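These are my notebook entries on a structure that I looked up. I set down what I asked and what I found.

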Amino acid sequence: MTLSQEANDTEQACRDAAVSRDEVFLPNAAEQVSQESARLFKALLGGAILSSAIYAVAILRELRTPRLVPLAPEWSRQYYNALNLRHGLLTGDPAALMLVATFMMTLTPVVRVLASVCGYRRLNDRKMVVVCGTVLGVMLLSLALGLVRIK
Amino acid sequence: MIQRLVWADLVEGGATVQMQYSYSFVLLLTGAACGAGFLGALLGVGAGIFLVPVMVLLLHLPVKIAVACALVSVIATSNAKGSAYMDQRITNEKLAMILLIPTTAGALSGTILMLYLREWVMLLVFAVLLAYVSYTAFSTRNADETRIASGDFCRAGPDRLSASLDLHGEYHDSAAGRPVRYVVNGMAVGMSTAYVAGLASGMLGVGGGVVNVPIMNRYMSVPMKAAIGTGKLMIGITAAVSAIVFLLAGWIHFLVVGPVALGATVGATLGTMVMNRVPSAVLKGLFAVLTIYLAYAMLAKGLLLGFAIALPRLG
């Protein structure tokens with residue numbers, strides 16, 4: 001049997017399998033959500049590009065005046081204060097800029113899951129709303145745990 | 001020479017290690033992240049699986065900072081080209097969301113565990129994970145093409161959960177030159193191992209794709225490229241769960257994470273462009289060789305730190 005014959009046989013087998021489960025391979029609600037998700041991903045990509053641009057600016061600014069920086073969590077946490085962060089952003093402190101970029105980058109998946117919940121809700125797919133809602137719940141729990149740890 | 005430059009940049013300043021932010025350090029870190037992002041996009045895993053060993057072994061950064069920053073690179077690689085996989089209909093979003101329930105729960109547990117673990121324990125666990133991943137990739141490197149050619153993926157019957165949630169998919173495989181259809185099964189295996197994948201992600205900053213992608217391919221009847229596309233969506237969300245905790249705890253060091261995220265985004269963009277054109281066997285073979293080398297290096301460092309046992313250096 002040649003390769004092309006084998007490929008044709010395989011295609012036929014797949015078609016036969018699909019005929020017995022027509023609904024399985026027909027375009028369905030999940031594909032609509034997928035298309036919406038693709039559009040959303042493009043929007044989120046804009047956020048990722050913006051974060052990358054902020055990182056690039058911050059790295060260049062930091063390299064202009066190199067300094068010794070402690071590799072410890074306390075150093076990062078000094079920026080978790082509205083006054084310090086505001087002052088850092090106004091003076092163009094590279095670490096403050098990178099904090100904003102990191103915050104944006106970290107939150108994009110949360111927005112992504114939130115959009116999936118809304119998408120499946122519009123399609124009345126209750127099972128998937130529960131599934132995506134549970135994932136979102138775990139993300140919010142991690143946020144709560146992180147805030148508790150800060151305190 | 002490069003290693004000596006970076007060694008010189010790390011200065012012991014009292015109780016905490018300090019870092020001199022230099023051009024050599026930034027260039028090395030950005031280059032490593034770019035390479036890791038490229039390989040991660042090709043193989044459907046987060047850049048962290050390659051980036052954490054590089055940051056720890058080559059740049060001598062503390063493991064916890066390396067893990068925390070690698071998680072942001074995982075989000076960056078997931079964001080960078082997630083839309084491309086969606087456009088090509090390679091990603092199975094429903095499957096991803098269902099597997100994300102145990103994966104994110106595992107990630108949260110792993111993150112809490114990681115905050116209290118010793119560095120050498122993390123290195124040894126990382127080495128074991130890498131060795132497992134290498135074995136899995138190598139032992140199944142030719143299985144995908146054979147299964148696509150025999151129509152194995154589309155003949156599989158759905159199990160109860162996948163039938164109830166209507167889990168199936170179809171995409172066009174550019175390397176094989178034909179559409180590939182598949183029906184998901186083996187949900188029980190997938191859901192239980194997804195928790196372990198999340199645990200690995202939270203503890204080691206790897207995103208979870210290293211466990212989820214081979215499991216989807218081997219036990220859930222998902223073709224390798226669909227598993228990679230689905231894994232790409234999952235790793236960003238899984239990494240975010242841990243990254244939020246690490247960010248608020250202060251372990252994401254902003255001056256380290258900048259070059260990491262930037263390099264990973266560029267690398268992932270390039271990697272996704274070529275992913276669907278490369279045969280699965282080549283991807284898996286490359287993956288297996290790299291991961292076994294990194295496993296050995298992490299094992300060597302873990303044994304040295306934990307038990308003062310020195311293994312011979314490779315390369």
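Which residues does Ala58(A) touch, not counting residues up to four places away in sequence? I found Pro94(A), Leu97(A) and Met98(A), where contact means heavy atoms within 4.5 Å.

**Conventions.** I noted that this is a predicted model, in which local features need pLDDT of at least 70, side-chain atom pairs count only at pLDDT 80 or more, and totals for chains, interfaces and linings use all residues. Residues are numbered from 1 along each chain as its sequence is written, chains are lettered from A and ligands numbered from 1 in the order in which they are written, and side-chain values use heavy atoms, with hydrogens and water left out.

**Entry 1: Ala58(A).** I located Ala58(A) in helix H3 (residues 29–64) of chain A. Helices (H or I, at least four residues) and strands (E, at least two) are DSSP runs, numbered from the N terminus. Is Ala58(A) buried or exposed? Its relative accessibility is 0%, so Ala58(A) counts as buried. Buried means under 20% relative accessible area, exposed means over 50%, and partly exposed lies in between (1.4 Å probe, protein chains only). I also looked up the C-alpha atoms of Ala58(A) and Val100(A): they are separated by 11 Å, while the two residues are 42 apart along the chain.

**Entry 2: chain A as a whole.** I recorded seven helices and one strand in chain A. Along the sequence, the pattern reads α-α-α-β-α-α-α-α. Chain A has 151 residues, and 44% of them are buried. Among its contacts with a separation of 6 or more, 58% are between residues 24 or more positions apart. Accessible areas come from the Shrake-Rupley method with a 1.4 Å probe; for residues, only the protein chains shown count as cover.

**Entry 3: two loop residues.** I looked up Asn124(A), which lies in the loop between helix H6 (94–122) and helix H7 (126–150) of chain A. Its phi is near 55°, a positive value in a residue other than glycine. With a relative accessible area of 66%, Asn124(A) is exposed. I then turned to Ser221(B), in the loop between helix H11 (209–219) and helix H12 (224–249) of chain B. Phi of Ser221(B) is near 60°, again a positive value in a residue other than glycine. Ser221(B) has 5% relative accessibility, so this residue counts as buried.

**Entry 4: chain B as a whole.** I recorded 14 helices and four strands in chain B. Of the 315 residues in chain B, 65% are buried. Of the contacts between residues at least 6 apart in sequence, 81% join residues at least 24 apart. Chain B exposes about 10,100 Å², and 68% of this comes from carbon and sulfur atoms.

**Entry 5: helix H10 of chain B and its partners.** At what angle do H6(B) and H10(B) pack? Helix H6 (residues 119–139) and helix H10 (residues 187–204) of chain B pack at about 140°, with their axes 11 Å apart. Axes are lines fitted to C-alpha atoms, for helices over the stretch in contact, and angles run from 0 to 180 degrees between N-to-C directions. H6(B) and H10(B) are therefore oblique to each other. Angles under 35 degrees count as roughly parallel, over 145 as roughly antiparallel, 65 to 115 as roughly perpendicular and the rest as oblique.

In this contact, Met122(B), Val125(B), Phe126(B) and Leu129(B) of H6(B) meet Ala200(B), Met203(B) and Leu204(B) of H10(B). Ala, Val, Leu, Ile, Met, Phe, Trp, Tyr, Cys and Pro count as nonpolar, Asp, Glu, Lys and Arg as charged, and the others, Gly among them, as polar.

I next looked up helix H5 (residues 93–116) of chain B, whose axis comes within 6 Å of that of H10(B) and crosses at roughly 35°. The contact of H5(B) with H10(B) has 14 nonpolar, eight polar and no charged residues.

**Entry 6: Ser201(B).** Ser201(B) is found in helix H10 of chain B. Its relative accessible area is 0%, so Ser201(B) is buried. Leaving aside neighbours within four places in sequence, the contacts of Ser201(B) include Leu71(B), Thr238(B) and Ser242(B).
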